[in-house]
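Subject: Structure handover

Hello,

Here is the structure I promised to pass on. Please open it first, then read my notes below.

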Amino acid sequence: MSVTLADVAARAGVSAATVSRVLNGNYPVAGSTRSRVLRAVDELEYVVNGPASALAAATSDLVGVLVNDIADPFFGVMASAIQSQIGPAGDHDAETPHGQKMAIICNTGGSPERELTYLTLLLRQRAAAVVLTGGTVEDPDHLGALATRLRRLEAGGTRVVLCGRQPLTAAADGSAPGGAHGPEEDPGPAPVALTFDNFGGARRLTTHLLDLGHRRIGYLAGPAARTTTRQRLDGHRAALAAAGAAGGEAGTPEAERLTVHGGYDRASGYDGALELLRREPGLTAVVAANDTVALGACAALRERGLRIPEDISVAGFDDLPFAIDAAPALTTVRIPLHEAGARAGRLALGREEAPAGRTATLPADLMVRASTAPPRP
């Protein structure tokens with residue numbers, strides 16, 4: 001059942017006229033009252049009707065692209081590729097300008113709350129499409145609330161595409177707190193998801209180091225609560241476990257000692273590498289959660305007088321544009337960021353058919369370069 005203006009008024013403890021004034025911005029309202037009304041709007045996920053009832057079901061020319069950090073090349077490459085398929089920069093719509101859309105980049109800063117807020121705002125704007133990039137937090141409450149918002153977007157005619165993100169689970173799409181739907185509410189098809197083989201790529205990367213002869217391998221992981229972090233760490237530990245190497249069994253003291261969690265930024269790589277050396281001075285290799293973290297680790301290791309790869313090997317993940325130009329060139333896992341973004345852009349505007357099962361896993365290829373070598377005898 002749709003949320004009405006009266007529902008918002010009741011939740012905020014004001015009149016319907018006051019709610020209308022706040023939403024239209026055409027009459028002065030006390031700041032505390034305005035905050036209370038807007039909070040009720042967010043809590044109830046009230047969608048403001050368009051200026052004309054005949055246009056209530058129509059979508060706009062906006063496409064929302066949600067990223068953690070547009071300054072991070074991982075998200076920048078994907079966002080640029082998405083925009084190339086939907087905006088006037090491309091030539092696919094040179095003769096049909098009515099088919100062009102405007103991309104709005106929504107920088108969440110990795111905040112689950114901000115992600116939900118942007119989705120609510122895009123719902124009010126009746127966005128033509130929404131693309132969510134990168135991993136998400138593994139929290140049942142957030143996943144349930146996320147599933148609810150995405151269902152409402154799609155019910156209003158907005159196409160939703162997950163790019164570099166796992167499909168919504170059954171729990172998130174119904175049984176999780178904040179995402180339950182009644183027996184008469186059809187959740188509809190799940191959003192299209194283009195996923196990366198984070199687990200397989202990480203396993204191949206660590207297997208490469210093991211094959212070179214490394215056995216004391218430290219791991220610089222991303223934020224503990226994010227899906228991408230877990231998948232890559234699980235792949236790394238699976239390779240260690242298969243080889244009988246230290247740190248392969250999650251939850252053991254050795255696995256925790258050889259793992260340092262941080263952000264996906266250079267500073268985390270720098271600080272994390274120093275912490276790994278403190279915990280295990282005899283490290284022969286360091287695997288980083290992404291290439292940016294790997295560069296930070298390289299800087300810290302060099303400051304400690306260690307040569308790469310003669311004294312210690314370093315590997316990253318993603319194959320960001322600068323990875324091959326690092327000195328030495330970085331061994332990493334190539335994620336098809338541009339391909340994924342371009343495909344997500346086409347899917348978002350209905351220019352490409354959804355994959356079978358509405359999910360496609362894109363490959364993660366090992367790129368062996370000069371930053372890894374056999375350990376010293």
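Axes here are lines fitted to C-alpha atoms, for helices over the stretch in contact, and angles run from 0 to 180 degrees between N-to-C directions. Helices (H or I, at least four residues) and strands (E, at least two) are DSSP runs, numbered from the N terminus. Two packed helices are described by the angle between their axes and the distance between the axes.

This is a predicted model: local features need pLDDT of at least 70, side-chain atom pairs count only at pLDDT 80 or more, and totals for chains, interfaces and linings use all residues. Residues are numbered from 1 along each chain as its sequence is written, and side-chain values use heavy atoms, with hydrogens and water left out.

**α5 and α6**

α5 (112–124) packs on helix α6 (residues 140–155) at an angle of about 15 degrees, with the axes 10 Å apart. The two are therefore roughly parallel (angles under 35 degrees; over 145 is roughly antiparallel, 65 to 115 roughly perpendicular, the rest oblique). Their crossing is left-handed. That term applies if the near helix is turned anticlockwise from the far one by less than a right angle, and right-handed applies if clockwise.

Contact means heavy atoms within 4.5 Å. From α5, P112, E115, L116, L119, T120, L122 and L123 take part; they meet H142, A145, L146, R149, L150, R152 and L153 of α6. By class, this contact has nine nonpolar, two polar and three charged residues. Ala, Val, Leu, Ile, Met, Phe, Trp, Tyr, Cys and Pro count as nonpolar, Asp, Glu, Lys and Arg as charged, and the others, Gly among them, as polar.

**α11 and α12**

Helix α11 (residues 266–279) and helix α12 (residues 291–303) have axes that come within 6 Å and cross at roughly 50 degrees. They are therefore oblique to each other. The crossing is right-handed. α11 brings R266, G269, Y270, A273, L274 and L277 to the contact, and α12 brings T292, V293, G296, A297, A299, A300, L301 and E303. The classes are nine nonpolar, three polar and two charged.

The axes of α4 and helix α13 (residues 337–348) come within 7 Å and cross at roughly 35 degrees. This crossing is right-handed. F74, V77, M78, A81, I82, Q85 and I86 of α4 meet L337, H338, G341, A342, A344, G345 and R346 of α13. Nine of these residues are nonpolar, four polar and one charged.

The largest share, three residues, comes from α4. About 380 Å³ of space lies in this pocket. Of its 20 lining residues, N68, D72, F75, R226 and Y264 are the closest to its centre. The lining has five nonpolar, nine polar and six charged residues.

A pocket, on a 1 Å grid over the protein atoms alone, is an open set of points where a 1.4 Å probe fits, with protein on both sides within 12 Å along at least five of seven lines; lining residues have an atom within 4 Å of a point. Points are joined across faces, edges and corners, and the volume is the space filled by probe spheres set on them.

**Backbone points to check**

The peptide bond from I308 to P309 is cis, with omega near 10 degrees. P309 sits in the loop between α12 and β9 (313–315). The bond from A327 to P328 is also cis, with omega near -5 degrees. P328 is in the loop between β9 and β10 (332–334). R126 is not a glycine, yet has a positive phi of about 55 degrees. R126 lies in the loop between α5 and β3 (129–133).

Best wishes
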